[in-house]
Amino acid sequence: MIERSHHDMGGLPAGKVKRTEHAYDDWELRVDAMMMLLVGVVGGSKRMTVDELRKNIESLPPADYDKMGYYDRWVISLTQTMIQRGVITTDELARKLAQVEKRGQTPFSRRQQTRGG
Amino acid sequence: MTVEKMGSVPLYRSGDRVRVRKAAPLGHVRTPFYIRGHAGVVERYCGAFPNPEELAQQRDGLPAQPLYRVRFRQKDVWPGYRGGAADVIEIEIFQHWIEA
């Protein structure tokens, strides 16, 4: 029995909250935009619910959950949801990822790597 | 027909004393762990909404579930709470997570 899910950490000791704002990387803005399209907040075709996004975030392995940033979790989760919904297949995703990797560095990915935190 | 009209009947009203069910199911849950099992008072009825636990599993979440804002005393929720005795926390909780 799982008494308490990893993400459900309200009230646990956590240290100080960092109250600083930070600028978002381009890829994070794109993930946000993608999510708005997929849940139908903008555009005409609703492909998923925000509740599915949350479910798949909550299903991340705890160690990965802790390592990831906010939009890292989003992009993994919405991709997982698209597989579950049959919009894309695991195989298509694997092939696309390999293709992108082969493309190598772009100004876009370089900027992402310089980001701290 | 509105979502609310299709929904379950609201069983509680403002001022009713209620307790949050102490349960640990699988799936997606909107009731935080720390409030399960605690007693509070219904502050307001918020309307009925498709059940997020069902929406998370690709179902329509209907009938809509009544949602309440429930007020708890902080000192009841947190052991050794050092803030004011009148401090409260309000959490929105779906009806199926509530017992009288």
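Helices here are DSSP runs of H or I at least four residues long, and strands are E runs of at least two, both numbered from the N terminus. The model on screen is predicted.

**Stop 1: chain A**

Select chain A and colour by secondary structure. From the N terminus on, its elements run α-α-α-α-α-α. That is six helices and zero strands. Along the principal axes, the C-alpha atoms of chain A fill a box of roughly 40 × 35 × 30 Å. Chain A has 117 residues, and 12% of them are buried. For contacts between residues at least 6 apart in the sequence of chain A, 60% join residues at least 24 apart.

**Stop 2: the sheet of chain B**

Five strands of chain B form an open sheet with antiparallel pairing. Going across this sheet, the strand order is 4-3-2-1-5. Select residues 88-94 for strand 4 and 98-99 for strand 5 of chain B; these two stand at the edges. Each has a single partner strand, so one side of each is left without a neighbour in the sheet.

**Stop 3: strand 3 and its partners**

Select residues 65-73 of chain B, which make up strand 3, together with residues 39-49, which make up strand 2. The two pair in the antiparallel sense over seven bridges. Along this pairing, Val41(B) stands opposite Arg71(B), and Val42(B) has Val70(B) as its bridge partner.

Strands 3 and 4 run antiparallel and are joined by seven bridges.

**Stop 4: the largest nonpolar core**

Show the side chains of Tyr68(B), Val70(B), Ile93(B), Trp97(B) and Ile98(B). These have the most contacts inside the largest nonpolar core, a group of 13 residues. Strand 1 (17-20), strand 3 and strand 4 of chain B are the elements that give two or more residues to this core. Which strand gives the most? Strand 3 of chain B does, with four residues.

Centre the view on Val70(B). Leaving out residues up to four places away in sequence, Val70(B) touches Val18(B), Gly40(B), Val41(B), Val42(B), Glu43(B), Glu90(B), Ile91(B) and Ile93(B).

**Stop 5: another core**

Bring chain A back and select Leu38(A), Met48(A), Leu53(A) and Leu78(A). These are among the five residues of another core, which lies apart from the largest one.

How values were computed:
Residues numbered from 1 in each chain as written. Chains lettered and ligands numbered in written order. Predicted model: local features only at pLDDT ≥ 70, side-chain atom pairs only at ≥ 80, totals over all residues. Pairing = 2+ DSSP bridges. Core = buried A, V, L, I, M, F, W, Y, C linked by C-beta atoms within 7 Å. Buried ≥ 20, exposed ≤ 12 C-beta atoms within 10 Å, placed from the backbone. Contact = placed C-beta atoms within 7 Å.
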